[in-house]
Amino acid sequence: VAMADSAASLSKRKPEDDESTASKKSKGASEDFSHVYDGLVQDILSSLPQDLPAEATAYIKKMCDHTCQGGKMTRGITVVATMTSMMESAGSAVLPANVFQAQVVGWCIEWLQACFLVLDDIMDESITRRGQPCWYKLPEVGKMAINDGLILETCIYLLLGKHLKSHPAYHRLVHLFHEVSMQTEMGQLLDMTTEAPGGGLDFSRFTIERYKLIVKYKTAFYSFYLPVAAGLILAGLEQEEAALEEARGICLALGEYFQIQDDVLDCFGKPEDIGKVGTDIQDKKCSWLVVTALGKCSPAQLQVLKDNYGAHDDAKVEAVKGLYRELGLEADFAAYEDRSYKELVAAMEEVRHVPKSVFQGLLAKIYKRTK
């Protein structure tokens, strides 16, 4: 009878029950991760030269607070989730010290992202980020933000040195951060040099091959591979190249899907939802939308793109968006999203060296996202 009651109880469970449980678990992980932040900022400030004036340390604290907080913290939390899943699947006890070290590495990724975003916003002349003015837009900051980006990157190695210097994988982690930083910088180079020399618009350079290279290097490595690889390494897999290679393939595919979503949200998303004002059209970005449009537009529609793409003019931006709608790019994206989701789920079923939950959790966070 008890077994029958249990089965009946399970059959009555609703999908929203599971969603509620997952939501509570995610909120708890986010809160645990956030609680570490203030202590890490103090670690950074205490590691600075002691003869710096108080105004300099206050400025660095303000910079960290403005640029590192306010995001979803998905990258950082993924480090903890990956390490925990890997250790539990191996039958290892996950100690509080393990969790704290993973949180430190996770926050190092958040500091790395802050570095990238500060510099990217300057290059793109962006206005807002995470619902507030970009760091360089603050009157007291301006061009100092270039140096601030370098300081943010330095914070990573201060934290790793303080909290993981004795960890067996310390040197592997430092190498991983250097490697992924270089890959992201190459992606930024490809992104910034898509336009013709001299700043002109040359659509012959806007190819799907170049677009995929930009996404791979600028987004996928640091947003998806870095957190998962760091978690695997912390779990004691520094010698398990098969696991890292398996993670690399799926993470790069997740990164491409994520960036295509981002391109669509930049154009059609609401600023209050995505936390920024989209500027891909004005900035002549080689986005999925324009590359797809170039592959299906008529000569007359191509002329509309040539006449309006890359201009900081509201009417011209709307003309490009109108063309995207005319070409049915929103429907194309919906079809792409469904196809990519099925391909990613199928790829995850083939995973042998990493718990599937690591990748399933990432996909659940980004599938059909609106911000």
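Contact here means heavy atoms within 4.5 Å. By that criterion, and with residues up to four places away in sequence not counted, Phe 359 touches Val 228, Ala 247, Ile 250, Cys 251, Met 348, Val 351 and Val 354 in this predicted model. Phe 359 also belongs to the largest nonpolar core, which holds 107 residues. Together with Trp 111 and Tyr 324, Phe 359 is among the three residues that touch the most other members of that core. Helix 9 gives the most to this core, contributing 15 residues.

A pair of aromatic rings is described by the distance of the centres and the angle of the planes. Across the whole structure, the search returns 17 aromatic pairs. For Phe 206 and Tyr 309, the ring centres are 6.4 Å apart and the planes meet at 80°; planes over 60 degrees apart count as edge-to-face, so this pair falls in that class. Phe 206 sits in the loop between helix 8 (170-192) and helix 9 (208-234), while Tyr 309 sits in the loop between helix 13 (299-308) and helix 14 (314-326), so the pair ties together parts that are 103 residues apart in sequence. Phe 206 counts as buried because its relative accessibility is 4%, and Tyr 309, at 5%, counts as buried too.

Trp 288 and Tyr 336 make another of these pairs, with ring centres 6.1 Å apart and planes at 40°, so the arrangement is tilted. Here the partners come from helices: Trp 288 lies in helix 12 (residues 288-294) and Tyr 336 in helix 15 (residues 329-349), so the pair ties together parts that are 48 residues apart in sequence. Both Trp 288 and Tyr 336 are buried.

Leaving aside neighbours within four places in sequence, Leu 294 is in contact with Phe 203, Phe 206, Leu 302 and Leu 305, and Phe 206 is the ring already described as paired with Tyr 309. Between Leu 294 and Lys 284, ten residues apart in sequence, the C-alpha to C-alpha distance is 14 Å.

Finally, a look at the surface. Met 182, Met 186 and Leu 189 form a nonpolar patch there, with about 270 Å² of accessible area together. Leu 189 lies in helix 8 and, at 47% relative accessibility, counts as partly exposed.

Note on methods. Residues numbered from 1 in each chain as written. Predicted model: local features only at pLDDT ≥ 70, side-chain atom pairs only at ≥ 80, totals over all residues. Heavy atoms only, no water. Phe/Tyr/Trp six-rings, centres within 6.5 Å; stacked < 30°, edge-to-face > 60°. Helix = DSSP H or I, 4+ residues; strand = E, 2+ residues; numbered from the N terminus. Buried < 20%, exposed > 50% of the residue type's maximum accessible area, 1.4 Å probe, protein only. Core = buried A, V, L, I, M, F, W, Y, C linked by side-chain atoms within 4.5 Å. Patch = residues over 30% accessible without salt bridge, like charges linked within 9 Å, V, L, I, M, F, W, Y side chains within 5 Å. Areas by Shrake-Rupley, 256 points an atom, 1.4 Å probe, with all protein chains shown as cover. Salt bridge = Lys/Arg side-chain N within 4 Å of Asp/Glu carboxyl O.
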